[in-house]
Amino acid sequence: MLLVAYGTRPEYVKLKPLLPLLRERVPHRVLFTGQHDMLAGEPYDAALEIPDHGNRLDAIVSATLGAPDAVFDGMRAVLVQGDTASAFGLTLAAFHRGLAVYHLEAGLRTGNLAHPFPEELYRQQISRIASLHLCPTTRNRENLEAERCPGRKEVVGNTVLDNLLGLEARYDGPVLMSLHRRENQARAEEWLHAFDALAAAHPDQRFVFIRHPNPASRHLSGAMRHVAFIDPLPYDAMIAELAACRLIITDSGGFQEEGSFLGKRLIVCRQATERPECLGVHSVLCPSPEQLPALFSQANADPIVNAPCPFGDGRSAPRVVRLLEEMLAH
């Protein structure tokens, strides 16, 4: 039996296309770690409780490592997604119990443990343990091969794109903005002032800032007076906003994938990205708030990108489930 685990919104939306196929073809149970409490209404068979005290990352890893043995009873393997504290903690818990680990969205790298922090360390450590690496791109597989990571490595595309099939892109909506990564929190106020100044300088356009469910990021909005705010939306509503927006300013990894599939230009507010496949075509790095005005002017002048998405074709889930069946059969 397979244990399918998620704890954050991005993990869930990338597992979501798999779940109907798994129900039909693979015996499994679903574990919710509780890393994002807004997911409490989504389907799962078991849940963990993360204590609300001390260092948040310590608490998440501790809660996953301390998962009751009953969670793992009868399991042959654990499927984790991405590079979260939940994924890392459950990978280590599975390793301690001699269970196989299958890693969805494997092989993303910046090579810099500070960018992003702590995700770069988590995904590197998961790759040292996993026996099946489900890579979105050929570059991701090459990263794992260069590091001599053990296990089977397959390029399957990114499952998040399966959620977008049939969605029609427009460019008459607002400029969408988000900011949540830990490495940006030290300069968060500077970024917010830059966002607000951009909106003030373009009164003919609407700017919308999307709050993030990360507890440390919920306060990031008070410094802006010319920007509208929205709380995290249900996923279908969120991708409808992405499909309609003019362009995207973000430090989100998921938005880079979804935005490129929808033909959007993205200004990525980071020093480095583990998704370099879309740099120079769909996206551009913006390492500091001072660089934002010039990069926005360029993107705003030509917001439509007519180029293939480098992260897949929106038909990844059947490939992934077929590989899971193969691995569990042996």
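1. Helix H5 meets helix H6 through Ala85, Ala87, Phe88, Thr91 and Phe95 on the H5 side. Tyr122, Gln125, Ile126 and Ile129 are their partners in H6. Contact here means heavy atoms within 4.5 Å. By class, this contact has seven nonpolar, two polar and no charged residues.

2. This is a predicted model: local features need pLDDT of at least 70, side-chain atom pairs count only at pLDDT 80 or more, and totals for chains, interfaces and linings use all residues. Residues are numbered from 1 along each chain as its sequence is written, and side-chain values use heavy atoms, without hydrogens and water.

3. How do the two helices cross? The axes of H5 (residues 85-96) and H6 (residues 119-129) come within 9 Å and cross at roughly 25 degrees. H5 and H6 are therefore roughly parallel (angles under 35 degrees).

4. Now the charged pairs. Side chains of opposite charge can pair when their charged atoms come close. A salt bridge is a side-chain nitrogen of Lys or Arg within 4 Å of a carboxyl oxygen of Asp or Glu. The count comes to 23 salt bridges.

5. Glu257 and Lys14 form a salt bridge at 2.7 Å, N to O. Glu257 lies in helix H11 (residues 253-261) and Lys14 in helix H1 (residues 9-15), so the pair ties together parts 243 residues apart in sequence. Both Glu257 and Lys14 are buried (under 20% relative accessible area).

6. Arg270 and Glu274 also meet in a salt bridge, 2.7 Å from N to O. Both Arg270 and Glu274 are buried. Salt bridges that share partners join residues into one network, among them Lys14, Glu257, Arg270 and Glu274.

How values were computed:
Axes are lines fitted to C-alpha atoms, for helices over the stretch in contact, and angles run from 0 to 180 degrees between N-to-C directions. Helices (H or I, at least four residues) and strands (E, at least two) are DSSP runs, numbered from the N terminus. Angles under 35 degrees count as roughly parallel, over 145 as roughly antiparallel, 65 to 115 as roughly perpendicular and the rest as oblique. Ala, Val, Leu, Ile, Met, Phe, Trp, Tyr, Cys and Pro count as nonpolar, Asp, Glu, Lys and Arg as charged, and the others, Gly among them, as polar. Buried means under 20% relative accessible area, exposed over 50%, partly exposed in between (1.4 Å probe, protein chains only).
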